[in-house]
Amino acid sequence: MIVSQNAAGLAAGVVDDQIMQMAGGGRGGAPFVERRSFVRPLSIRSSPRFSEAEAWFENDETARFVLDMSGRVLTSNAAARALAACGMLGSGGVFICSAHRNRAELDLLLARLSEGREKAGRILFRAGDDAWCILDLITAIETPGRVFATVRPVKPLDEEKLAAVGCVFGLTRMEKSVLLLLASGEAPKEISRRLDMSIHTVRSHLRSICMRMGVKGINGALRLSFMMT
């Protein structure tokens with residue numbers, strides 16, 4: 001899947017100073033960039049009309065997006081377009097396509113951001129069977145109607161990393177096995193088959209994992225595990 005620019009109403013031009021400042025904390029921090037198409041990268045170094053602020057944004061190694069409150073992409077940098085090109089994020093100009101399993105979670109977070117109930121949030125995004133990303137979203141009163149998003153791919157858990165997580169939370173050997181398979185993209189039914197146990201036992205282990213880690217739901221357990229490794 002490839003993310004493409006929402007062309008409606010996005011004529012070439014530089015975004016205002018407030019948005020440029022909010023990308024990284026103002027004139028002393030990370031700046032922002034001109035609105036542009038994912039599929040039509042521009043050469044910043046050869047164009048004198050780009051400021052240092054815009055050049056920083058375009059060449060930052062972190063994938064950065066600006067979204068509207070419905071989750072449509074307004075702006076992206078080169079790293080973000082690279083993620084789009086390799087199929088790690090949505091389609092049709094949206095940050096995460098409507099059919100993706102994380103879309104409901106994104107919509108809920110966007111609603112909370114839009115209503116001012118939260119200023120920032122984080123989503124663990126499954127980009128493939130064993131590919132994951134951490135999505136950070138933030139808003140600011142200086143830029144109403146805009147959400148600033150960063151995307152950081154994370155490596156799958158392996159036995160060594162999971163052993164460290166297990167020691168912190170006191171997970172049993174079987175709980176660590178269940179969590180490892182879950183992080184590898186296996187569904188509870190497949191985990192049941194792989195570990196030769198009933199689906200009820202697998203679900204019991206998952207409830208125990210969440211309780212030990214102090215999180216709500218499987219996504220919470222996975223998110224915390226990836227953040228710790």
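Helices (H or I, at least four residues) and strands (E, at least two) are DSSP runs, numbered from the N terminus. With that rule, the protein has nine helices and five strands.

The model is predicted, so local features need pLDDT of at least 70, side-chain atom pairs count only at pLDDT 80 or more, and totals for chains, interfaces and linings use all residues. Residues are numbered from 1 along each chain as its sequence is written, and side-chain values use heavy atoms, with hydrogens and water left out.

**Stop 1: the whole chain**

The elements come in the order α-α-β-β-α-α-β-β-β-α-α-α-α-α. Of the 229 residues, 47% are buried; buried means under 20% relative accessible area, exposed over 50%, and partly exposed in between (1.4 Å probe, protein chains only). Contact means heavy atoms within 4.5 Å. Among contacts between residues at least 6 apart in sequence, 50% join residues at least 24 apart.

**Stop 2: the sheet**

Select the five strands. Strands of a sheet pair through backbone hydrogen bonds, either parallel or antiparallel. Here two strands pair if DSSP finds at least two bridges between them. In what order do the strands of the open sheet lie? The order is β2-β1-β5-β4-β3, and the pairing is antiparallel. At the edges are β2 (73-76) and β3 (120-126), each of which pairs on one side only. From one strand to the next, the twist averages 25 degrees.

**Stop 3: strand β1**

Now select residues 63-67, which form β1. Three bridges join this strand to β2, and five join β1 to β5; β1 runs antiparallel to β2 and also to β5. To see individual partners, pick A63 with V151 in β5, F65 with S76 in β2, and L67 with V73 in β2. Between β1 and β2 the hairpin has five residues, and G71 takes a positive phi near 90 degrees there.

In a regular strand the side chains alternate between the two faces of the sheet. Is β1 mostly covered or mostly open? It is mostly covered, with five of its five residues buried. A63, F65 and L67 are buried on one side, and R64 and V66 are buried on the other.

**Stop 4: an aromatic pair**

Rings of Phe, Tyr and Trp (its six-membered ring) pair if their centres lie within 6.5 Å; planes under 30 degrees apart count as stacked, over 60 as edge-to-face and the rest as tilted. The count by this rule comes to one aromatic pair. The ring centres of F65 and F95 are 5.0 Å apart and the planes stand at 70 degrees, so the pair is edge-to-face. F65 belongs to β1, whereas F95 is in the loop between α3 (78-85) and α4 (103-114), so the pair ties together parts that are 30 residues apart in sequence. F65 is buried at 1% relative accessible area, and F95 is buried at 0%.

**Stop 5**

Axes are lines fitted to C-alpha atoms, for helices over the stretch in contact, and angles run from 0 to 180 degrees between N-to-C directions. Select α4, which packs on the sheet and touches β3, β4 (132-138) and β5 (147-154); its direction makes about 170 degrees with that of β3. Then select α9 (residues 217-228), which lies across β3, β4 and β5 and runs at about 95 degrees to β3.

**Stop 6: α6 against α9**

Show L179, L182 and A183 of α6 with I218, L222, S225 and F226 of α9, which make the contact.

**Stop 7**

Finish with α7 (residues 188-195) and α8 (residues 199-213), whose axes come within 9 Å and cross at roughly 110 degrees. The contact is made by P188, K189, I191 and S192 of α7 and I199, V202 and L206 of α8.

Also in α8 is H205. Is H205 buried or exposed? H205 is buried, with a relative accessible area of 17%. Not counting residues up to four places away in sequence, H205 touches M174, E175, V178 and M197.
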